[in-house]
Amino acid sequence: MNMFSLSCSRLALLIASISVFFEALDIAIINLTMPLIQSWFNLSFAQVQWLQTLYVLLYGGLLILGAG
């Protein structure tokens with residue numbers, strides 16, 4: 001029984017680690033596309049920062065909503 005619970009905890013750790021990796025990857029992709037978005041929509045640097053902030057806040061809020 002102890003070996004089973006250990007493997008379940010390792011599986012949970014693996015799943016949590018992969019999800020954090022994909023979260024960081026998503027934010028990195030957004031950071032890389034910001035100059036392209038800025039040039040396509042003729043936005044100022046401050047507007048692009050607000051756009052990124054809104055994206056991260058909405059994404060985090062939807063993650064919390066989905067987990068509840």
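1. Of the 68 residues in the chain, 7% are buried. Buried means under 20% relative accessible area, exposed means over 50%, and partly exposed is what falls in between, with a 1.4 Å probe and protein chains only. The model is a predicted one: local features need pLDDT of at least 70, side-chain atom pairs count only at pLDDT 80 or more, and totals for chains, interfaces and linings use all residues. Residues are numbered from 1 along each chain as its sequence is written, and side-chain values use heavy atoms, with hydrogens and water left out.

2. The chain holds 2 helices and 0 strands. Both terms refer to DSSP runs, numbered from the N terminus: helices are H or I with at least four residues, strands are E with at least two. Helix H1 covers residues 2-41, and helix H2 covers 45-67.

3. The accessible surface of the chain is about 5800 Å², and 77% of this belongs to carbon and sulfur atoms. Such areas come from the Shrake-Rupley method with a 1.4 Å probe; for residues, only the protein chains shown count as cover.

4. A nonpolar surface patch of about 770 Å² is formed by Leu 11, Leu 14, Ile 15, Ile 18, Phe 21, Phe 22, Leu 25 and Ile 29. Patches are made of residues with over 30% relative accessible area and no salt bridge; like charges are joined within 9 Å, and nonpolar side chains (Val, Leu, Ile, Met, Phe, Trp, Tyr) within 5 Å. Phe 22, a member of this patch, counts as partly exposed because its relative accessibility is 49%.

5. How many aromatic pairs are there? The count comes to 2. Rings of Phe, Tyr and Trp (its six-membered ring) pair if their centres lie within 6.5 Å; planes under 30 degrees apart count as stacked, over 60 as edge-to-face and the rest as tilted. Phe 21 and Phe 22 have ring centres 5.4 Å apart and planes at 65 degrees, so this pair is edge-to-face. Tyr 55 and Tyr 59 have ring centres 5.8 Å apart and planes at 20 degrees, so this pair is stacked.

6. Tyr 55 and Tyr 59 both belong to helix H2 and are 4 residues apart, about one turn of the helix. Tyr 55 has a relative accessible area of 28% and is therefore partly exposed. Tyr 59 is also partly exposed, at 28% relative accessibility.

7. Asp 26 sits in helix H1. Asp 26 is buried but has no salt bridge, and the nearest side chain of opposite charge, Arg 10, is 29 Å away. A salt bridge is a side-chain nitrogen of Lys or Arg within 4 Å of a carboxyl oxygen of Asp or Glu. For charge, Lys and Arg count as positive and Asp and Glu as negative, while His and the chain ends are not counted. Apart from neighbours within four places in sequence, Asp 26 is in contact (heavy atoms within 4.5 Å) with Tyr 55 and Tyr 59.

8. Glu 23 is another residue of helix H1, partly exposed with a relative accessible area of 25%. With neighbours within four places in sequence set aside, Glu 23 is in contact with Tyr 59 and Leu 63. Glu 23 and Tyr 59 are 36 residues apart along the chain, and their C-alpha atoms are separated by 9.8 Å.

9. Gln 38 is placed in helix H1 and is partly exposed at 26% relative accessibility. Not counting residues up to four places away in sequence, Gln 38 touches Leu 43, Ser 44, Phe 45 and Val 48. From Gln 38 to Leu 51 the C-alpha to C-alpha distance is 10.0 Å, and 13 residues separate the two in sequence.

10. Asn 42 lies in the loop between H1 and H2. Asn 42 has a positive phi of about 50 degrees, although it is not a glycine. At 69% relative accessibility, Asn 42 counts as exposed.
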